[in-house]
Structure formats: C-alpha cells, structure tokens
Amino acid sequence: MKITILDGNALNPGDLSWKPLEEFGSVTVYPRTEQKDVVSRIGDSDAVLLNKINITEEILAACPSLRYIGVQATGYNVIDLEACRRHNVTVTNVPTYSTAGVSQLTFAFILEFACKTAEHSASVMAGDWVKSKDFCYWKHAPVELDGKTLGIFGYGSIGSRVESIAKAFGMRTIVCTRTPNPLIENPVDAEQLFKQSDFLTLHAPLTEATRGIVNEKNISLMKETAVIINTARGTLVDENAVRKALDTGRIAGYAADVVSEEPMKADNPLLGAPNCLLTPHIAWAATETRQRLLNIVIANIRCFIAGCPQNVVS
C-alpha cells in the first residue's frame, strides 16, 4: 500500500514511531497540510491517515486510488461519509482511547477550583508566606469535594469513568444522558442537572440536541457557587453566555480543554475571563494516550487489509 499521513504532527510530534506502518507499504508523513494541498499530497495513495483535514467529494473524485481513510481520533465530522460511500472508500476511527486522559484532566480542573493550588503557590513564591504573621493563610478557603454534587452530562466510557473517580472523593453524582442505562444510580433531566450540580462536567457528543446545551437559560438555573467543566466539544457551550455569567458572578467558574473554534481565535469571549481555566486541547496528549491511539490506528489498517475492517464509520 501507499500510505500518506496528512497532519501527523497532531498525533506524533516526534516522540512516537510511525515505523510499524511500514509493514503495510510505503509511508509518507506530512506534519501539517493546508486544505489546498490535500489532493496533491494524497496523489495516488491507497490509504490516508488524518486528524482534522476535511475530505470532500471533490477530493475523493480527484484521488481515485484512495480506498481507505483512517481518522486518528474519535470524531469524524471532517469526513463526508456519504461521498466516501459513493467512492467505495472505507473510513475508520479510534473510539474510547482517551478515557483515562480526559477523566484525569476533568479532575485536574475540578481540584484546581476546589483547592486553588496554583494561586496559593504563586502567593508563596511571591513571598507572602514569608511575610505572614501566622503559620498558615489562604487567599480563598479550599472546598471539600466530599458531599458535593457532580452533574455528568453524557454517560459513555468517559462519563462513567468520571463518575467512579467522583465517588472515590465522596461526591454525590447525578447523570443526564440520552440513552437510558440501568447502571445509573441517579438519572435526572437537563433541568435538574443544572439546578443541582455543584460541579457540572460535559461528556456528550456534539449533536443538534446537545449543541449549546450550556446557554444563558440553563446557566440561570445553576447555583452561583457552581463550576462548569468542558472536555468534550467547544460548541456544547454558548461561550458568550459563559463569559457573561463569569463577569457577573452568576457562576463561580468555567474550565475547558476545548473551544468553539480551534486553534482559538483572538476574539474568543473566554480569553481574559475571570475564574476561567483554559487548556489547548491537551486531554488526549499524554504519551501513553497517544501511543494507545497509534496502536489502534495500526490495528485498524491491518484489519482493513485482512478484509475484516474494525471501527468502521463508513
């Protein structure tokens, strides 16, 4: 096979190895690809691996040798699946590889709001403890998670893992999900999720029903002490509504690893917002997480070549 990787730097900026792919044929890796260069770089490739590159009808028509597209992520909204079916191109993705990493970052956010470790460390480093008349002091009193209510929106592999971690902290959990699940102890509707949560964490896919679920109306239902965590999709949230809520103290905080448009734009309303923590889509970035992803990418190609494709989305 002739395999082309269009945006390899996302998954592998140099700390992993593409070499295992060479057992299937020749491999060409481009760290990044502009949309205008996609056709010329695919050329007569049999297989393409990508993360965020759009594949359209026009591209498929111009690359008749293409038989396989391996999305090196879970989301595959960048691919025109109907066009792939018309051109007999198999598309696979990599589900559930990032459960541990996303769950971990979710609680990194929660614990930062609860303990304010960065703020207190900065204060100590600035000499405030040296100047203190008492053996201890605090800029803001820490918050115990024990007994607090964690609202979980979405209950796939990540949502369920987050729930298990929350229970280890002694938190009460409530869950809002589109799919009934007998394992959920405290199912609630969206209204009760927003009303009851001390911390609300989003783990649902982006659909027309979930788009903008965190909006001005639902935020108005929340406690003023509540914190929202988004490690799912940026557009689950109305960012203007969140900025307004942060500016007015309507909620106590917001943390996100995702925004509505990535890379983040200079006019994003969350930039400079008070009580707001933002990370640049790093929940999947641990070496262990990306190696797991790459292992599944390789397995997906192997299964496709063997005639028994796995993780097929089209």
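**Questions on a predicted chain**

Guide: In this predicted model, residues 24 or more positions apart account for 62% of the contacts in the chain with a separation of 6 or more.

Visitor: How many helices and strands does the secondary structure of the chain come to?
Guide: The chain has 314 residues, and 45% of them count as buried. Its C-alpha atoms fill a box of roughly 70 × 45 × 35 Å along the principal axes. The secondary structure comes to 12 helices and 11 strands.

Visitor: Are α5 and α8 parallel, perpendicular or oblique to each other?
Guide: Helix α5 covers residues 99-115 and helix α8 covers residues 157-168, and their axes are 9 Å apart. The two helices pack at an angle of about 50°. Roughly parallel requires an angle under 35 degrees, and roughly perpendicular one of 65 to 115. The relation of α5 to α8 is therefore oblique.

Visitor: How many residues in the contact of α5 with α8 are charged?
Guide: From α5 come T99, A100, V102, S103, T106 and F107, which meet S157, I158, R161, V162, I165 and A166 of α8. Of the residues in this contact, 7 are nonpolar and 4 are polar. The number of charged residues is 1.

Visitor: Which element gives the largest share of the largest nonpolar core?
Guide: The largest nonpolar core has 29 residues, and those with the most contacts inside it are L202, V214, I219, V242 and Y254. The elements that give two or more residues to this core are β7 (172-176), α9 (190-196), β8 (199-202), α11 (239-248) and β10 (253-256). The largest share, 4 residues, comes from α11.

Visitor: N88 and K116 have a positive phi; which of them is buried?
Guide: Most residues other than glycine have a negative phi. N88 has a phi near 55° and lies in the loop between α4 (81-86) and β5 (90-92), whereas K116, with a phi of about 55°, lies in the loop between α5 and α6 (117-125). Residues count as buried under 20% relative accessible area and as exposed over 50%. N88, at 64%, is exposed, so the buried residue, at 18%, is K116.

Visitor: Where is P263 found?
Guide: Most peptide bonds are trans. The bond from E262 to P263 is cis, with omega near 0°. P263 is found in the loop between β10 and β11 (276-278).

Key
Residues numbered from 1 in each chain as written. Predicted model: local features only at pLDDT ≥ 70, side-chain atom pairs only at ≥ 80, totals over all residues. Heavy atoms only, no water. Axes fitted to C-alpha atoms, helices over the stretch in contact; angles between N-to-C directions. Parallel < 35°, antiparallel > 145°, perpendicular 65-115°, else oblique. Contact = heavy atoms within 4.5 Å. Nonpolar A, V, L, I, M, F, W, Y, C, P; charged D, E, K, R; others polar. Core = buried A, V, L, I, M, F, W, Y, C linked by side-chain atoms within 4.5 Å. Buried < 20%, exposed > 50% of the residue type's maximum accessible area, 1.4 Å probe, protein only.
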